[in-house]
Amino acid sequence: MSESAPLAPGLYLVATPIGNLEDITLRALRVLRSCDRIACEDTRQTQKLLNHFGIETRTVSYHLHNEQSRAEELIADLRNGARIAVVSDAGTPGIADPGVEVVQAAIAAGISVYPIPGASAALSALIASGLDTEQFTFRGFLPSKSGERKSLLEIVKTEMSNGHRATQIFYETPHRIADALADIEAIFSASHRITLARELTKLHEEFLRGTVVSVRAEIEKREAVRGEMVLLLSGDLDASTQNASEKQSIADEIRSLMERDHLDEKEALKRVAKNRSLGKSEVYREWQRSKR
Ligand code: SAM
């Protein structure tokens with residue numbers, strides 16, 4: 001797509017700022033200005049951005065609750081040669097935000113899909129976190145229920161103890177952050193390294209970097225924790241956690257999944273086989289042996 005050529009027909013996934021309005025790209029502005037329609041997660045939210053840049057393109061809502069039906073309408077227009085931009089409230093569409101349905105439908109219909117890259121909270125947090133950036137896993141929002149959150153964290157810890165040392169990136173909310181940190185301390189250790197990135201690109205941008213216990217202490221000192229946040233976990237287990245994890249037998253892990261997470265025996269066996277990259281029959285044999 002050259003700078004002066006008219007916009008080609010197709011679907012444009014346009015990243016928008018996550019705070020600082022200067023983080024919009026020249027290309028994003030040109031696409032938003034010249035496309036036929038902008039499909040927005042929240043039209044009122046996007047209208048503020050469009051007003052700021054003097055863009056008058058028509059908007060239409062495209063959110064979680066009408067994603068499927070709206071995708072069909074958008075595809076019908078795209079088949080007739082429309083140029084449609086998709087934006088979310090902030091950041092990169094499709095990343096913990098709507099976008100996937102229409103992309104898949106467009107690809108299936110043979111329509112061109114153009115990424116227009118820009119701000120993303122996950123990557124912005126990662127690059128300034130001080131944690132390893134060579135390998136990372138983006139996991140979206142941590143589950144809101146403590147049981148599910150702990151199960152996921154157990155899976156992550158098992159992966160790490162099996163040598164998958166990727167930095168873990170989670171989106172988190174202010175009202176859950178204290179509980180999430182407590183669960184991380186319980187499942188990993190007080191000295192596991194983390195970074196909490198708050199209010200990225202905004203006036204009160206802040207990085208809390210350190211051990212879980214030090215970040216928890218900082219958070220608990222405050223009257224309220226506000227703003228948007230990304231939570232990152234180092235992919236390196238500390239030596240004592242690594243040793244303890246290695247020592248946990250297959251049978252212990254099955255028992256803990258059944259008792260703590262209320263999985264039935266079959267589900268627990270399946271989970272352990274997956275966590276440890278073992279065959280189900282091998283795990284089953286080990287489980288039977290432990291009962292003798
Ligand atoms: N699609 C977006 C992106 O590319 O980053 C993410 C959308 S998701 C619904 C919103 C979550 O992203 C927030 O709850 C927060 O965890 C994170 N987030 C968005 N903006 C942020 C910011 N400025 N600072 C820190 N976290 C942010």
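This is a predicted model: local features need pLDDT of at least 70, side-chain atom pairs count only at pLDDT 80 or more; totals for chains, interfaces and linings use all residues.
1. Helix α10 covers residues 250–260, and helix α12 covers residues 280–291. Their axes come within 9 Å and cross at roughly 90°. Angles of 65 to 115 degrees count as roughly perpendicular, so α10 and α12 are roughly perpendicular to each other.

2. Look next at the residues in this contact. From α10 come Ile 250, Ala 251, Ile 254, Arg 255 and Met 258. From α12 come Val 283, Glu 286, Trp 287 and Ser 290. The contact of α10 with α12 divides into 6 nonpolar residues, 1 polar and 2 charged.

3. Now turn to the ligand. There are 19 residues around the ligand. Thr 92, Ile 95, Asp 97, Ala 121 and Met 229 come nearest.

4. Check the backbone atoms at the ligand. For Thr 92, a backbone N or O atom lies 2.8 Å from an oxygen atom of the ligand. For Met 229, a backbone N or O atom is 2.6 Å from a ligand oxygen atom. Ile 95 has a polar backbone atom 2.8 Å from a nitrogen atom of the ligand.

5. Finally, consider cover. On its own, the ligand has 570 Å² of accessible area. The protein covers 90% of that area.

Methods
Residues are numbered from 1 along each chain as its sequence is written. Side-chain values use heavy atoms; hydrogens and water are left out. Axes are lines fitted to C-alpha atoms, for helices over the stretch in contact, and angles run from 0 to 180 degrees between N-to-C directions. Helices (H or I, at least four residues) and strands (E, at least two) are DSSP runs, numbered from the N terminus. Angles under 35 degrees count as roughly parallel, over 145 as roughly antiparallel, 65 to 115 as roughly perpendicular and the rest as oblique. Contact means heavy atoms within 4.5 Å. Ala, Val, Leu, Ile, Met, Phe, Trp, Tyr, Cys and Pro count as nonpolar, Asp, Glu, Lys and Arg as charged, and the others, Gly among them, as polar. A residue is near a molecule or strand if one of its heavy atoms lies within 4 Å of it. A polar contact is a pair of N or O atoms within 3.5 Å; within protein, one must be able to donate a hydrogen and the other to accept it, and residues adjacent in sequence count only if both atoms are side-chain atoms. Accessible areas come from the Shrake-Rupley method with a 1.4 Å probe; for residues, only the protein chains shown count as cover.
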